[in-house]
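Please examine the protein model shown below. A set of questions and answers on its geometry follows.

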Amino acid sequence: MEPFIPQLVYFEPNALKYPLGQELYEKFKKLDVEIRETTSHNQIRDLPGENDSQKYRIAKSTLVVGIRKTLKFDTSKPSAEYAIPLATGCMAHCHYCYLQTTLGQKPYIRTYVNLDDIFDQAQKYMDERKPEMTRFEASCTSDIVGIDHLTHSLYKAIEFIGGTTYGRLRFTTKFHHVDHLLHAKHNGNTRFRFSVNSDYVIKNFELKTSSLEQRIEAAVKVAEAGYPLGFVVAPLYMHDGWENGYLELFQMISDKIPKELSDNITFELIQHRFTKPAKRVIEKNYPKTKLEMNEEERKVKWGRYGIVKYVYDTDQAKDLHKTIEGYVQQFFPNSVIEYFT
């Protein structure tokens with residue numbers, strides 16, 4: 001899979017006052033990518049396309065270069081204290097992704113050029129919490145690796161956190177374009193995680209992403225470069241033959257990762273879930289999807305802010321948990337399962 005190149009780029013005028021903004025402008029001019037101007041990275045009103053389907057697909061290949069004005073970081077997932085806002089949006093077409101609803105009418109990709117402001121805010125959070133460690137998640141609203149060959153924002157964040165005493169960085173990716181990150185001075189402060197799944201899930205629901213083989217090859221490179229390594233197995237999806245599908249997944253990872261690099265691996269296990277708003281958006285954007293979203297066959301779970309999620313019933317979840325945990329223990333006995341949810 002070739003690295004992402006946008007077919008359309010928007011710039012906020014003030015973004016050109018920053019070195020990264022000017023660098024990206026010159027880069028896209030040389031690549032002969034169409035460049036437009038926008039008053040705000042949150043207000044793109046003239047996206048081309050004759051219908052919603054065309055506009056959605058064009059948006060997923062559109063990059064907006066702007067300034068992150070709100071510097072208060074969101075509190076993050078179970079794996080970190082804060083989400084560090086380097087980018088928003090993703091070029092991949094993963095049918096199940098929660099960004100389908102959280103990004104709503106703004107599925108285009110946004111990257112922010114005021115990195116010094118973002119890093120200054122991260123330093124404030126670390127100073128407030130020290131001597132406790134402060135973990136930052138860089139992939140809550142994007143797959144940052146997917147655009148970093150263009151921006152090097154993640155590279156800079158890795159080196160920034162690498163130079164701190166009380167900071168740690170984490171992110172997840174489905175892309176294998178990691179070569180430029182292998183020589184970053186991470187000092188072991190960044191955990192590089194790859195999102196992996198069964199062959200069935202990747203082929204049917206993870207369009208425009210790197211293959212599983214490519215992701216695992218990239219994981220080997222990352223581990224050899226000294227990064228702490230992790231795998232996010234998500235969503236755990238009970239398709240026909242799922243037990244063998246996930247067994248093959250763990251067997252492949254085990255076969256490819258050298259034993260001497262497999263002792264410090266973490267696993268995060270997340271079962272498939274959906275909401276009614278997500279179901280409506282997914283079926284609109286991917287009308288031929290094979291993704292099973294039958295509320296009557298699921299258990300209701302109340303999420304944050306009173307949002308109803310549909311998850312596997314108790315017995316199915318127990319079966320899923322026991323099976324996948326068994327594979328982790330079988331192939332990676334010295335690893336850590338950070339959570340199952």
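**Backbone, fold and pocket**

Q: In which loop does Asp32 lie?
A: The model is predicted, so local features need pLDDT of at least 70 and side-chain atom pairs pLDDT 80 or more, while totals for chains, interfaces and linings use all residues. Residues are numbered from 1 along each chain as its sequence is written, and side-chain values use heavy atoms, without hydrogens and water. Helices (H or I, at least four residues) and strands (E, at least two) are DSSP runs numbered from the N terminus. Asp32 lies in the loop between α1 (19-30) and β2 (34-37).

Q: What is the phi of Asp32, which is not a glycine?
A: Most residues other than glycine have a negative phi. Asp32 is not a glycine, yet its phi is positive, at about 60°.

Q: Is Asp32 buried or exposed?
A: Buried means under 20% relative accessible area, exposed over 50%, and partly exposed in between (1.4 Å probe, protein chains only). Because its relative accessibility is 68%, Asp32 counts as exposed.

Q: Which loop holds Asn187, and what is its phi?
A: Asn187 is found between β9 (167-173) and β10 (190-196). With a relative accessible area of 57%, Asn187 is exposed. Although Asn187 is not a glycine, its phi is positive, at about 55°.

Q: What is the omega of the peptide bond from Lys130 to Pro131?
A: Most peptide bonds are trans. Pro131 is in the loop between α4 (115-129) and β8 (134-137). The bond from Lys130 to Pro131 is cis, with omega near 15°.

Q: What is the omega of the bond that joins Ala234 and Pro235?
A: Pro235 is found in strand β12 (residues 229-236). The bond joining Ala234 and Pro235 is cis, and omega is about -5°.

Q: What radius of gyration does the protein chain have?
A: The radius is taken over C-alpha atoms, and the globule rule is 2.2 Å times the number of residues to the power 0.38. For 341 residues a compact globule would have a radius near 20 Å, which agrees with the value for the protein chain, 20 Å.

Q: Which helix supplies the largest share of the lining of the second largest pocket?
A: α2 (52-59), α3 (99-102) and α10 (276-285) each supply at least two residues of this lining. The largest share, four residues, comes from α2.
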